[in-house]
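Dear colleague,

I am passing on the structure that I have been looking through, and my notes follow below it. Please read them alongside the coordinates.

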Amino acid sequence: MNPWRGDFPILKRTVNGKPLIYFDNANTAQKPQAVIDAVDHFYCQHNANVARAVHLLSEEATAMYERARERIAAWIGAAAPREIVMTSGTTMAINLVAQSYLRPRLRENDEVLITAMEHHANIVPWQLLCAATGARLVVAPIFDDGTLDVQALVSLISPHTKLVGVTHVSNVLGTINPIAEIASATKARGVPLLVDGSQALPHFKVDVRALGCDFYCFTGHKLFAPTGTGVLWARYETLDAMSPWIGGGEMIDAVSFERTIYAPPPRRFEAGTPNIAGFIGLAAAIDYLAAQDCYALHTHEQALLQRLLEGLKGLGGVRLIGSAKDRVPVVSFTLEDAHATDVAMLLDLEGVAVRSGQHCAHPLMQRFGVNATLRASMAFYNTIDEVDQLLAALALVRAKLA
Ligand code: PLP
């Protein structure tokens with residue numbers, strides 16, 4: 001019996017008359033009752049805006065919101081809560097680094113170095129900057145097995161490189177990149193390293209300072225928390241040397257028509273009313289994860305992964321995209337003579353939710369010469385039985401499409 005499953009109420013529902021099998025966790029994860037309750041409790045008992053009013057509800061809401069920041073900081077090993085900038089997600093966190101940190105430092109002929117396995121969120125913000133400044137985007141290659149060519153990445157760091165951006169885990173291949181090794185190379189060359197941790201934190205614990213990177217970004221909704229929540233971590237000195245990007249209420253100390261004095265970080269980067277309930281939910285998700293046996297979670301996820309990989313190989317006509325040894329349970333594949341979207345629609349009729357398409361990683365699709373893939377991405381609440389049902393459903397779909 002899976003010990004976590006009962007904590008996620010949505011897993012009890014049916015889809016098209018069949019029990020839901022949710023294998024789209026890399027897209028967004030389901031929420032445990034503890035997160036739903038935390039959000040509900042906030043709206044029923046404490047709802048008010050933060051850091052503005054002196055009344056009790058506002059004080060409570062502010063304390064809960066700031067406790068969420070403390071919880072996040074402790075969970076990822078930040079030196080202090082003030083190193084945590086709350087954003088709407090990874091996308092906003094990366095754009096913030098692009099606009100606040102890099103834009104004032106980027107000149108014509110400078111370079112931003114990324115990898116061939118990045119999500120669009122770690123490509124397009126740099127392209128926008130390059131277009132505005134005359135800098136260049138440089139891309140480190142990956143091997144056919146979906147692992148990063150770390151040597152090539154390091155050799156591409158030049159005196160022109162002003163930032164290196166690497167995903168911790170690929171949302172398509174499941175590959176875990178050796179961030180500590182990359183960080184020691186970027187550090188030795190004095191180049192800042194940004195890590196996109198969106199797909200890492202849902203599967204293993206991360207210590208940002210031990211990794212040695214300069215910026216770490218992640219998104220809450222893949223971490224069993226509400227949508228519209230995300231984090232940018234950087235050392236306080238780094239944040240303090242950055243100018244604001246989005247202006248408005250909350251991010252100032254004083255405003256006159258002649259001159260505005262900005263608040264210190266992290267408030268400097270949090271203009272406007274934040275997703276208060278969402279971050280309270282994120283703190284609850286972290287509390288939930290902290291209470292679990294992380295070894296048991298990891299072992300179970302790896303068992304799911306191995307079962308799916310073996311089953312897919314046994315199915316015939318399957319092309320696996322990526323076969324890294326170090327990986328999370330995210331599996332992309334194609335079925336011979338079948339379009340991924342047709343397969344995903346037929347799987348949905350069997351109650352199985354997978355993602356099909358290009359996974360916000362068009363360049364990676366081009367690298368593997370595919371238009372689209374199917375992606376089954378698993379979480380600890382999935383079961384071996386569900387993996388077997390997916391395999392059976394795939395065999396059925398193949399027979400239907402033949
Ligand atoms: N980076 C990676 C690796 C992702 O998988 C995703 C989401 O799919 C993102 C960034 C963007 O996250 P968000 O849409 O929550 O900002």
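Which side chain meets that of Arg 69 in a salt bridge? The partner is Glu 270, at 2.8 Å from N to O, where a salt bridge is a side-chain nitrogen of Lys or Arg within 4 Å of a carboxyl oxygen of Asp or Glu. Because Arg 69 lies in helix H2 and Glu 270 in the loop between strand E12 (260-262) and H9, this pair ties together parts that are 201 residues apart in sequence; helices (H or I, at least four residues) and strands (E, at least two) are DSSP runs, numbered from the N terminus. Both residues are buried, that is, under 20% relative accessible area, with exposed meaning over 50% and partly exposed in between (1.4 Å probe, protein chains only). Salt bridges that share partners join Glu 66, Arg 69 and Glu 270 into one network.

This is a predicted model, in which local features need pLDDT of at least 70 and side-chain atom pairs count only at pLDDT 80 or more, while totals for chains, interfaces and linings use all residues. Residues are numbered from 1 along each chain as its sequence is written, and side-chain values use heavy atoms, with hydrogens and water left out.

The structure holds 14 salt bridges, and another of them joins Glu 350 to Lys 18 at 3.3 Å, N to O. Glu 350 sits in the loop between helix H11 (340-349) and strand E15 (352-353) and Lys 18 in strand E2 (residues 18-19), so that parts 332 residues apart in sequence are tied together. Glu 350 is partly exposed at 21% relative accessibility, as is Lys 18 at 32%.

Best regards
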